[in-house]
Amino acid sequence: MARQTFVIGTAGHVDHGKSTLVKALTGIDPDRLREEKEREMTIDLGFAWMTLPSGRRLSIVDVPGHERFIKNMLAGVGGFDAALLVVAADEGPMPQTREHVAILDLLEIRHGLVALTKSDLVEPDWLELVIVEVEELLRDTALAGVPIVPVSAVTGYGLDALVRVIDQVLDQVPPHARSGKPRLAIDRVFTAAGFGTVVTGTLRDGELEVGQEVEILPRGLRARVRGLQSHRTRVDRALPGSRTAVNLSGVEVEDLVRGDVLTVPGWLRPTMLLDARLRMLPDAPEPLEQNDEVDFFVGASETLARVTLLDAERLEPGMVGWVQLRLQEPVVAVRGDRFIIRRPSPSATLGGGIIIDTAPRRHRRFRPEVLRTLELLASGSPEALVLHALERGIAEWRDVLQRTNLDETTATRAITQLIQQGQIVCLENAEGALNPGSALAERTALERITAQLLDLLRDYHARYPLRRGLPREMARSRLGLSPRFFELLVHWLTQAGAVIQDDDVLRLPEHRIQLTEEQENRARAYEAALLREPFSPPSPSEYGIEPELVQALADLGRVVRVNDEVVFAPSAWAEIKKRVLALIDAHGSVTLAQVRDALGTSRKYAQALLEYLDQQRVTRRIGDARVRYA
């Protein structure tokens, strides 16, 4: 069944009658601002709607035609299913007609039609000349060959035919994706009396429901959908492709701006670095040089960006090249989104293109391997896209979806195939069962990270042979992994027997604490001394036992290290615990003085051993006394 909700957007020069035509078609004046009515000129985006003869519901976005308001036009054009190019028959194509057509072409809006307004003011011969001129303008663009319909919004001439042609054009528009990951690029934020915060935009890629939790990016704000409207009619569910007003609870109007993106939580992340394929306009006013600053537009957002030219010294008008865009502010985009760049001053459109990677590394210029990867991303298979998304090592399933912009079914099929082929490892499940939290690793990258960890352990064991192993947090920091991914990596390696986890340290299976002959002799002499004075033992320093060797002996179970200066023989420590607990059981609790007297030792030793018993959760202190911990 054909999708029933569409968005068509106007385009064209100022004073060519876009808003008048929209009002004639729908009965709705899209100019909502007082300044627009006073100046009789569209300044910002306007909205109207109608039902077509086929029963389709049509949203119309009316854009300003004056060159000073081109940025407002760009905030709305990204959500178009089709374009309604408006050209006044008495003037023909004008400068903003040409710039709007160039923008539509750069965004690859391939469906549309042309309305020749004010056709009642010209002779038939003149109208034919204008039609030829419009066809010539569109010949080498994405809108080449679209229908051209002469109309008059004043007399009503051609309006019925225009509506029929719009319906026919929309027959060719493919259905919107229903990926379950809705995105609404916010193009208007306001307060409605009795409702609170409302945002509007064109909904893409999924549905929204009343009561649903949403996230507003790049700000990272959470909110809940309090209500939904489409064409000023309340709905419980908004469908992809519809102009949607979302009443939000949990955020204030001043928290949001045009260009923010409303989506479901947990899958989409802002970025300040993008890889893209850029096409310069043939009539761009100047070439693009390395590190040039541009205005960057994607969705409804705008920010400054610096351009790194990856495969050319400069991009001349009409050229195509690979670029990396370094953004001044974070934006929200997915692979496959289209964008526009403009010269900041004097303002002019330079070109546009398609986003290839939303989470790239910083690239150096003219690197063949970088260019090969970009070509692969631009035209590769789902399996190739997944492998690239994992090239840095480990990523969650949802991150892979975001980086590749594949739908869940396609991505899952590709990931499953790669797991079966042994190119990807699912770290959490030996059988490779997938879920949105699954952590995936590309095998070559996983082997690289594993080798780094094993090298770290070998080096640490060689430098510190008396230590049990490398502290976990030190290993994680050296590898640069998040706590979650590090935990999964360690679990995977311990399951494979490549690494041993011993409390808070990691070691190689073959590592054992080994004392030199000289260290062994000193250790035995000290152990004998501990046995001679079990409850008042000599300090390690008295026998020349350094802290590293004391800890090694403790790790080997040959001594019990209470602190740097108090160490007991294991047999003595067992007797101490037995006597202390017997005292507690006999009296209900025990004091430091009672322990001192019972063991015939000094306050120094009694205090140290009781603190250690507390630390080991054998006893618990209450005031000046100790009781059993549990």
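The largest pocket holds about 960 Å³ of space. This is a predicted model, where local features need pLDDT of at least 70, side-chain atom pairs count only at pLDDT 80 or more, and totals for chains, interfaces and linings use all residues. Residues are numbered from 1 along each chain as its sequence is written, and side-chain values use heavy atoms, with hydrogens and water left out.

**How the spaces are defined**

- On a 1 Å grid over the protein atoms alone, a pocket is an open set of points with protein on both sides within 12 Å along at least five of seven lines, while a cavity is a set where a 1.4 Å probe fits but cannot get out; lining residues have an atom within 4 Å of a point.
- Grid points are joined across faces, edges and corners, and a volume is the space filled by probe spheres set on the points.

**The largest pocket**

- Its lining has 36 residues, and those nearest the centre are Gly 78, Phe 80, His 176, Arg 204 and Gly 336.
- Two or more lining residues come from each of helix H3 (70–77), strand E18 (293–298) and strand E22 (338–343); helices (H or I, at least four residues) and strands (E, at least two) are DSSP runs, numbered from the N terminus.
- E22 gives the largest share of this lining, 3 residues.
- By class, the pocket lining splits into 16 nonpolar, 8 polar and 12 charged residues; Ala, Val, Leu, Ile, Met, Phe, Trp, Tyr, Cys and Pro count as nonpolar, Asp, Glu, Lys and Arg as charged, and the others, Gly among them, as polar.

**The cavity**

- The count comes to 1 cavity of 30 Å³ or more, and the largest cavity has a volume of about 210 Å³.
- Of the 19 residues lining the largest cavity, Leu 184, Ala 185, Arg 204, Gly 299 and Ala 300 lie nearest its centre.
- H3, strand E7 (183–192) and strand E8 (196–204) each supply at least two residues of this lining, with the largest share, 4 residues, coming from E7.
- The cavity lining is made up of 7 nonpolar, 7 polar and 5 charged residues.

**A three-stranded sheet**

- An open, antiparallel sheet is formed by 3 strands in the order E32-E34-E33; two strands pair if DSSP finds at least two bridges between them.
- Strand E32 (590–591) and strand E33 (619–622) are at the edges with a single partner strand each, so one side of each has no neighbour in the sheet.
- E32 is joined to the antiparallel strand E34 (residues 625–628) by 2 bridges, and Thr 591 has Ala 625 of E34 as its bridge partner.
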